[in-house]
Amino acid sequence: MAETQINIRVSIVEDNHFIRMALEQILINSDGYEVVAVYGSGEEAVDKMPGEMPDVVLMDINMGKMSGIEAVRIIKEKCPSIKFMMCTVYEDDEKIFDALAAGASGYILKKTKPAELVAAIRDLYDGGAPMSGQIASRVVASFRKKEESKGAALLEGLSAREHEILELLVKGRLYKEISSTLGISQETVRKHVYNIYKKLHVNNRVEAYNKFYG
């Protein structure tokens, strides 16, 4: 016997009347989704949503006095079980990360196709973190940029001698070769390498190589 699909209770927060109606119609015409409530502002959502307790919320960002990001932050504190997906035209990094920091678990663009939209809602309900392809790419790129910046800051913490040893180390030189090149004992090389690994938060030559070359 086929397992009955659970209806996902969805609320929509969108100040544009036509977009609000379009999103509602998409969900009404899709099996497995129930529209609990539709709100035209962040203030209305903050006031009424805790009493409705939807499973998933499609939240716009730019809505006049109270942004969708602020609404998510307030409602999430009161109702941590509600899952929020930003549904917006904005693709800039600041709004993406502000929304995620506020408590949103998904971020899709309004130009997303209806079938992809409802699939994203199901994914979010099931514990996923759906994002439009363009958004996911920006998140990954930003993460990489932060990691590279962090690595550069760690390298700046090395002394001049440690930099010399690290450069030779990542070129594959042995301790005795580094010792000979720099005119210091192998024991001194070992001590410097220990300090380098500690400062870079790495455990071996390969990890040091990756940190050095970003």
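Predicted model: local features only at pLDDT ≥ 70, side-chain atom pairs only at ≥ 80, totals over all residues.

1. Is methionine 53 buried, partly exposed or exposed? Its relative accessible area is 33%, and because buried means under 20% and exposed over 50%, methionine 53 counts as partly exposed. The residue sits in the loop between helix H2 (42-52) and strand S3 (56-59).

2. The mean pLDDT of the protein chain is 83, with 83% of the residues at 70 or more. Confidence is lowest in helix H6 (residues 133-156), where the mean is 59. Strand S1 (residues 8-13) has the highest value, at 96.

3. On the overall make-up: the protein chain contains 10 helices and 5 strands. It has 214 residues, of which 39% count as buried. Among contacts with a separation of 6 or more, 63% are between residues 24 or more positions apart.

4. Strand S2 (residues 33-39) includes valine 36. Proline 54 is 18 residues from valine 36 in sequence, yet the two are 6.4 Å apart in space, C-alpha to C-alpha. Pro54 is also one of the contacts of valine 36 once neighbours within four places in sequence are left aside; the others are Arg9, Val10, Ser11 and Glu52.

5. Serine 41 belongs to the loop between S2 and H2. Its relative accessible area is 19%. The cut-off for buried is under 20%, so serine 41 counts as buried. Apart from neighbours within four places in sequence, serine 41 is in contact with Val13 and Met63.

6. Threonine 88 is part of strand S4 (residues 83-88). This threonine has 0% relative accessibility and therefore counts as buried. Not counting residues up to four places away in sequence, threonine 88 touches Asp60, Ile61, Tyr107, Ile108, Leu109 and Lys110.

7. Ile108, one of the residues that threonine 88 touches, lies in strand S5 (residues 106-109). At 3% relative accessibility, isoleucine 108 is buried. Isoleucine 96 is 12 residues away from isoleucine 108 in sequence, and the C-alpha to C-alpha distance between them is 9.9 Å.

8. Where do the buried residues of helix H3 lie around its axis? H3 spans residues 68-78, and its buried residues are Gly68, Ile69, Ala71, Val72 and Ile75. They cover an arc of only 155 degrees around the axis, so they are on the same side of H3. Glu77 and Lys78 are exposed on the other side of H3.

9. Two helix pairs deserve a comment. Packed helices are described by the angle between their axes and the distance between the axes. Helix H1 (residues 17-28) packs with helix H5 (residues 114-125) at an angle of about 75 degrees, and their axes are 10 Å apart. Because angles of 65 to 115 degrees count as roughly perpendicular, H1 and H5 are described as roughly perpendicular to each other. H1 contributes Leu23, Ile26 and Leu27 to the contact, while H5 contributes Pro114, Leu117, Val118 and Ile121. By class, the residues of the contact of H1 with H5 are 7 nonpolar, no polar and no charged.

10. The other pair is H7 with helix H9 (residues 186-200), which pack at an angle of about 90 degrees with their axes 10 Å apart. H7 and H9 are therefore roughly perpendicular to each other. On the H7 side the contact involves Arg161, Glu162, Ile165, Leu166 and Leu169. These meet His192, Val193, Asn195, Ile196, Tyr197, Lys199 and Leu200 in H9. The contact of H7 with H9 has 7 nonpolar, 2 polar and 3 charged residues.

11. Which residues of helix H7 (residues 160-170) are buried? They are Glu162, Ile165, Leu166, Leu168, Leu169 and Val170. Glu162, Ile165, Leu166 and Leu169 are also among the residues of H7 that meet H9. After H7 comes glycine 172, with a positive phi near 90 degrees.

Methods: Residues numbered from 1 in each chain as written. Heavy atoms only, no water. Buried < 20%, exposed > 50% of the residue type's maximum accessible area, 1.4 Å probe, protein only. Helix = DSSP H or I, 4+ residues; strand = E, 2+ residues; numbered from the N terminus. pLDDT = per-residue confidence, 0-100. Contact = heavy atoms within 4.5 Å. Arc of directions from axis to C-beta. Axes fitted to C-alpha atoms, helices over the stretch in contact; angles between N-to-C directions. Parallel < 35°, antiparallel > 145°, perpendicular 65-115°, else oblique. Nonpolar A, V, L, I, M, F, W, Y, C, P; charged D, E, K, R; others polar.
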